[in-house]
Amino acid sequence: MAGFEPSKTQLVYLALRDRIANGRLDSQGALPGEQALAVQHGVSRVTVRRALAELEKEGLITRRQGAGTFVVEGGAKPIVADLSNVLANIVAMGRETAVRLLEFAYRDPPAAIAQALKLASGEKTQFSVRVRLIDSQPFAHLTTDVPERIGVTYTEADLATRPLLALLERSGVQIERATQEITAVLASPEIAAALDVDVGSALIGMKRTVFASDGSGVEHLSALYRPDRYALHMDMVRTGDVPERRWSTVLSPGSRRNSRRSAGRPRS
């Protein structure tokens, strides 16, 4: 979206959120008053009030009449996704979040998706669009394609109430691995409305293809995440011999625990 400029409210919101995240507060854990913030950021008090309302909505601050604006200790924190263990991360996310199903249909998939899933010529997919929420707040927009032969084993009601990977395994699919790529995108009007952000807001974009033990593709996911509610994590270690030592990913202790604890109960 060339030439896009975020609104003044969004700019103040982002600046204040960064200030909170980095602990730039007074000794009482408070932000300056509305008038002081308006002067600091060169905006009106109305703009500051709107930005503070967003922070309060997210559980980051509390405003006390006559006392000021204070940061909530241990307030809302983003979900942290472990990139070194994709499927274990899906399990944890399924346990901790709720889902809202927006679309459910069968379609002829775009060529790129058909190729990623290794579909036969003319094979359709079960197509769905979901929004994931944490603490009733949206943080992820998920567009999924599943081969029709698998998609017919579950209903729209199933997908609205159960994790997709659990439904895939219920159909007899043995999930083995996944590949994914991550980028940054700007929110379109439709996505912005679903995730409750301004049009043009920066989002984390992820494309993931899940494969069964026989090598066939069983799910293609295109996901968009709010970066203020979703973070990415990776543990790394130096491997190899000098002078060709390089960084390699490793499973974090938390990922190992999640993987063991969730065996046989994958979620998406």
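Q: Which residues in the largest nonpolar core touch the most other members?
A: This is a predicted model, in which local features need pLDDT of at least 70 and side-chain atom pairs count only at pLDDT 80 or more, while totals for chains, interfaces and linings use all residues. Residues are numbered from 1 along each chain as its sequence is written, and side-chain values use heavy atoms, with hydrogens and water left out. A nonpolar core is a set of buried Ala, Val, Leu, Ile, Met, Phe, Trp, Tyr and Cys residues joined through side-chain atoms within 4.5 Å, where buried means under 20% relative accessible area, exposed over 50% and partly exposed in between (1.4 Å probe, protein chains only). Of the 14 residues in the largest such core, those that touch the most other members are Leu16, Val48, Leu52, Leu55 and Ile61.

Q: Which elements give two or more residues to this core?
A: Helices (H or I, at least four residues) and strands (E, at least two) are DSSP runs, numbered from the N terminus. Two or more residues of this core come from each of α1 (8–21), α2 (34–41) and α3 (45–57).

Q: With which residues is Val48 in contact, leaving aside its neighbours within four places in sequence?
A: Contact means heavy atoms within 4.5 Å. With neighbours within four places in sequence left aside, Val48 is in contact with Glu34, Leu37, Ala38 and Val43.

Q: Which are the edge strands of the open sheet of six strands?
A: Two strands pair if DSSP finds at least two bridges between them, and here the order is β5-β6-β7-β10-β9-β8, with antiparallel pairing. The strands that pair on one side only, and are therefore at the edges, are β5 (98–107) and β8 (175–186).

Q: Which residue in β6 is the bridge partner of Val99?
A: β5 and strand β6 (residues 125–134) pair in the antiparallel sense over nine bridges. In β6, the bridge partner of Val99 is Arg132.

Q: Is His220 buried or exposed?
A: His220 lies in strand β10 (residues 217–225). Not counting residues up to four places away in sequence, His220 touches Ile113, Ala116, Leu117, Thr143, Thr144, Asp145, Arg208 and Thr209. Because its relative accessibility is 9%, His220 counts as buried.
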